[in-house]
Amino acid sequence: MTQFKNDYIELNIGSYDQFLPIKDVQTVIIDPPYNIGFNYNGKINDNKTAKEYERMIENVLNLSYESTKEDSSLFLINYPTIIFKLYNAINNTDWKVNQFIQWIYNNNAGGRSNKKFITASRTIAWLTKDNPKVYIDRIVQPYKDQNDKRVQGRSGAILYNWWNINIVKGNSKQHLGYVNQIPQELLKRLIITTTDENDLVADFMCGSGSTLLTAMALERKGFGCDINQDLEQIWKKYNIW
């Protein structure tokens, strides 16, 4: 195992079950492999049976539950059809479904079909314990009518449960050289609404490490691990640890 560590971030090469449970995690963000045969540029099995994939997700959810505080949240990001298929895996844990958020984006590479509309969204399953720490009003959107007297003195309207945020493309400034990187704006919203400064944010399938970089930028601490050994070069290149 390889470990990178500074005052804010700890990154590890290895499977989540080698490190979990840990202690005092406030928010967990997981964007797992999609199990659709995707090439993650490493020795990653992205073609498990449905049962194997379900067991993996259920296992990481249970270990995350043991690692988190009593007022914590977990965000599971995946395609809508896969979240639907993971109902039993989620239901077999002690996590409670707080809400589903739809992340939508333009997708010119989605492929055309005469039988289906182009997939250009992912579902974020927001799971919580009994009394989660939540600050919904930290992220707001402008009112449509700024001159309406009823909104004067307010910072903005509460967000809807669908977020239109561009995906991270290869030519994006925030791209770290890894596939399927989650946008910083989306990560910021998840982190800032469920944590305070110095809280611990964890990503147990952390890929490029963008979750932890976003957490550090918001003055939170981060813990991450990933089984893909090729990520060590990316972490070194961008001085993530």
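Reader: Buried means under 20% relative accessible area, exposed over 50% and partly exposed in between, taken with a 1.4 Å probe and protein chains only. Which of these is lysine 69?

Author: Lysine 69 is partly exposed, because its relative accessible area is 32%. This is a predicted model, where local features need pLDDT of at least 70 and side-chain atom pairs count only at pLDDT 80 or more, while totals for chains, interfaces and linings use all residues. Residues are numbered from 1 along each chain as its sequence is written, and side-chain values use heavy atoms, with hydrogens and water left out.

Reader: Where is lysine 69, then?

Author: Lysine 69 lies in strand S4. Helices (H or I, at least four residues) and strands (E, at least two) are DSSP runs, numbered from the N terminus.

Reader: What is lysine 69 in contact with, leaving aside its neighbours within four places in sequence?

Author: Asp24, Val25, Gln26, Lys129 and Asp199. Contact means heavy atoms within 4.5 Å.

Reader: Lys129 again. Which ring does the charged end of lysine 129 sit over?

Author: The ring of tyrosine 65, 4.2 Å from its centre. A charge sits over a ring if NZ of Lys or CZ of Arg is within 6 Å of the ring centre and within 35 degrees of the ring normal. Arginine 138 does likewise with tyrosine 135, at 3.6 Å from the ring centre.

Reader: Back to strands. What is the order in the open sheet?

Author: Nine strands run S1-S2-S11-S10-S3-S4-S6-S5-S9, with mixed pairing. Two strands pair if DSSP finds at least two bridges between them. S1 (3-5) and S9 are at the edges with a single partner strand each, so one side of each has no neighbour in the sheet. From one strand to the next, the twist averages 15 degrees.

Reader: How many bridges join S5 to S6?

Author: Eight, between S5 (residues 96-104) and S6 (residues 121-128), and the two run antiparallel. Isoleucine 101 is opposite isoleucine 124 in S6. S5 also pairs with S9 (residues 162-164), in the parallel sense over three bridges, and there tryptophan 103 has tryptophan 163 as bridge partner.

Reader: And what about S4 and S6?

Author: S4 (residues 68-78) is antiparallel to S6, with six bridges. Serine 73 has threonine 128 in S6 as its bridge partner. Helix H1 (residues 50-67) packs on the sheet, touching S3 (25-30), S4 and S6, and its direction makes about 155 degrees with that of S4. Axes are lines fitted to C-alpha atoms, for helices over the stretch in contact, and angles run from 0 to 180 degrees between N-to-C directions.

Reader: New topic. How many aromatic pairs are there?

Author: Seven. One of them is phenylalanine 19 with phenylalanine 223, edge-to-face, 6.2 Å centre to centre and 70 degrees between the planes. Rings of Phe, Tyr and Trp (its six-membered ring) pair if their centres lie within 6.5 Å; planes under 30 degrees apart count as stacked, over 60 as edge-to-face and the rest as tilted.

Reader: Where do phenylalanine 19 and phenylalanine 223 sit in the chain?

Author: They are 204 residues apart: phenylalanine 19 in the loop between S2 (9-13) and S3, phenylalanine 223 in S11 (residues 221-226). Ring pairs link Phe19, Phe204 and Phe223 into a cluster.

Reader: Is phenylalanine 19 buried or exposed?

Author: Buried, with a relative accessible area of 15%. Phenylalanine 223 is buried at 7%.

Reader: Last one: what share of the 241 residues is buried?

Author: Buried residues make up 48%.
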